[in-house]
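This report describes the fold and packing of one protein chain. The structure is shown first, and the notes on it follow.

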Amino acid sequence: MSTTAVSTPSRLRLPKWAAPIGVAVLFVVAYLVFRGTATLPHDKEAPQFLAVTDLREWIDDHRNDNPLFLYFLNYIRLFVGWLYGLFQSVLYALGWPGITGVLGALAWLAGGWRIGLAALAGVSAFGFLGLWQSSVDTLALVAVSVLLSLAIGIPLGVWAGLSGRVRRVITPVLDVMQIMPTFAYLAPLALFFHIGAPAGAIATMIYSIPPAIRITALAISEVSPTAVEASSSLGATGRQTLFKVYLPLARSTMALAVNQTIMMALSMVVIANLISAPGLGGDIIRGLSRAQVGIMLPAGVAIVIMAVLLDRTMMAIAHRGPHAGLRRLDLVAAGVLAVAGVALIPVLPRTWPDGLTVNFVAEINDAVRWAETSWYGVTTLIKDLTTAALLNPLESLLTSAPWWLVALAVLAVAWRVSGVRPALTALACLLAIALLGVWEHTMQTLTTVVVAVLVTLVAGLLLGVAAARSPRYSAVQRPILDAAQTMPAFVYLLPALALFETTRFTAIFASVIYAVPPVVRLVEDGIKGVPATVVEAATSAGSTSGQLLWKVQLPMARRAILLAANQGIVMTLAMVVVGGLVGAGALGYDVVVGFSQRPDFGMGFVAGIATVLLGVMLDRITQGADRRPSPRKRKST
């Protein structure tokens, strides 16, 4: 009798999948019953849009008599403009001989002869591509933006690294700054700082400052407590401990902060051209407006070259120890380069000679036209299948379901995946979106993001696993990922446009190319990070290659894969607004229209806020899943 009594409860226990399946069935029934009700259609003349537009008009009317502008904002604009003019004047004064010699010398000192020769070739490439002046303007704009970002970001990062309270306060602000679409920065900045180089530099600074703060805070927080305690026990003051313990020990990681700040600044300077910021962005926007890849691609290649050179130089500095000396040969070679470059300034023309340029515009445009005619059937089939099988059904589901049912579904999924707090955050974001009046367009954007992230994760997993298992393939793939990650987002649009015309799928294609590289890197690092002893144990137990992957490596790389999903979502959202230029519609198109057409400013501004809320919702779900503990084991009673 006692045995039967004990075993009966185990036979009545429901399987793990029963509760989720039951909840899913309830949601399906509720959708079928309430379909088409409480859908919150988009209203272009919503009161909240008009209120924001009226606020802009009021600011424009009082720009010249408001103390905020007269005594604060105008001085910031003048200071940034003066700083940009200073950098630009110095670079123009050096001319192409001086810039080539000085930058080559600095790269040689930082990383040896290989980096030095690469810098000489890269700087010369700006001239050969016929983009010398645009490249110099971009270099000046990046220098100003990075200098301001580091001047603000490093002290804040040090403070956040030393104080947990400051870190908790500043983290949500940084999250919003990174998730906010780049276009959404432009309209307020043009409103407060006019247009031109100062507004472009400030926009680039805002976009590039979060990694400076985050990585610096991480570097300071990871300094050994033992070293800090030893410094304090020897009677060092807080200031001495900071400058003699924290900063020297965090030096290599802080160099990474400088590197990432430069990369972010280079990716933003193109979009800043929309508010008349000078540089290579003008060539890319001009190519986009004329639908000519031949104009865009050389400018994109120039930015990639600039990014690779700065990246390699900064990483060489980071890897060089604080007490590492310089060889006499390197000092002599760098000195010869710098002196030769400066000595040639009065002899050679300041700008790159036109006779030494190469024009590939016609050839690139011919190649694009060939791709259009040769691949049209294949690309049309892919586009139509994806639209019919994924995009249309998912969009119909999200836009026809009651808003409260979608909110409950997101709450249930977030609760199941990440826990209570992320679920409540996700629900709050959706409720705010409903109140803002952009629910329908948010659901359309969510459709695009979900499909793009799905394709990105599949591609990222396949390529990441292949790279982790084959060092030779990883070595071939790495430079391709470097180029794809540093290429400005705008450059992806025209090839996508040439292949798929103006549709939602065009934006998805561009988003996937933009978001795949970090996903591949994270998956590769996660699988490579599985301990070798675990792999050897599984292999010795008779596991096949497939079993080793599915039962050992992927489960143990779970955190890296979830982080990859998180980064894929964030980077896809970053492309949403850019995709609005090539048919993505929804929130991206609203932001673009609001920026370009004055009466729709309110709608565009609100759409930017809604995109941030959507990003926070998806970001918190994936971050929560990363922190969620593994399922509890069943009790053995």
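The structure discussed here is a predicted model. Ala-423 belongs to helix H19. Setting aside neighbours within four places in sequence, Ala-423 is in contact with Leu-411, Ala-414 and Trp-415.

## Packing of H18 against H19

Two packed helices are described by the angle between their axes and the distance between the axes. For helix H18 (residues 403-418) and helix H19 (residues 420-436), the angle is about 160° and the axes are 7 Å apart. H18 is therefore roughly antiparallel to H19, since angles over 145 degrees fall in that class. The crossing of H18 past H19 is right-handed.

On the H18 side, the residues that meet H19 are Trp-403, Val-406, Ala-407, Val-410, Leu-411, Ala-414, Trp-415 and Ser-418. H19 contributes Val-420, Pro-422, Ala-423, Leu-424, Ala-426, Leu-427, Leu-430 and Leu-431. Sorted by class, the contact of H18 with H19 comprises 15 nonpolar residues, 1 polar residue and no charged residues.

## Packing of H2 against H18

H18 packs with H2 as well, at an angle of about 170° and with the two axes 11 Å apart. H2 and H18 are therefore roughly antiparallel to each other. H2 supplies Pro-20, Phe-27, Ala-30, Tyr-31 and Phe-34 to this contact, while H18 supplies Trp-404, Leu-405, Leu-408, Ala-409, Ala-412 and Arg-416. By class, the contact of H2 with H18 has 10 nonpolar residues, no polar residues and 1 charged residue.

## The loop between H2 and H3

Most residues other than glycine have a negative phi. Ala-38 has a positive phi of about 50° although it is not a glycine, and its place is in the loop between helix H2 (18-34) and helix H3 (47-61). Leu-40 lies in the loop between H2 and H3 too, and its phi is near 55°, again a positive value in a residue other than glycine.

## The largest nonpolar core

The largest nonpolar core holds 119 residues. Those touching the most other members are Trp-132, Leu-266, Leu-430, Ile-433, Val-438 and Met-617. Helix H28 (residues 601-627) gives the most to this core, with 12 residues.

Trp-132 has contacts beyond its neighbours within four places in sequence. Its partners are Gly-95, Trp-96, Ile-99, Thr-100, Val-123, Phe-126, Gly-127, Arg-350, Thr-351 and Trp-352.

## The chain as a whole

The chain has 28 helices and 0 strands. Of its 637 residues, 49% are buried. Among contacts between residues at least 6 apart in sequence, 81% join residues at least 24 apart.

Terms used: Residues numbered from 1 in each chain as written. Predicted model: local features only at pLDDT ≥ 70, side-chain atom pairs only at ≥ 80, totals over all residues. Heavy atoms only, no water. Axes fitted to C-alpha atoms, helices over the stretch in contact; angles between N-to-C directions. Helix = DSSP H or I, 4+ residues; strand = E, 2+ residues; numbered from the N terminus. Parallel < 35°, antiparallel > 145°, perpendicular 65-115°, else oblique. Left-handed = near helix turned anticlockwise from the far one by under 90°. Contact = heavy atoms within 4.5 Å. Nonpolar A, V, L, I, M, F, W, Y, C, P; charged D, E, K, R; others polar. Core = buried A, V, L, I, M, F, W, Y, C linked by side-chain atoms within 4.5 Å. Buried < 20%, exposed > 50% of the residue type's maximum accessible area, 1.4 Å probe, protein only.
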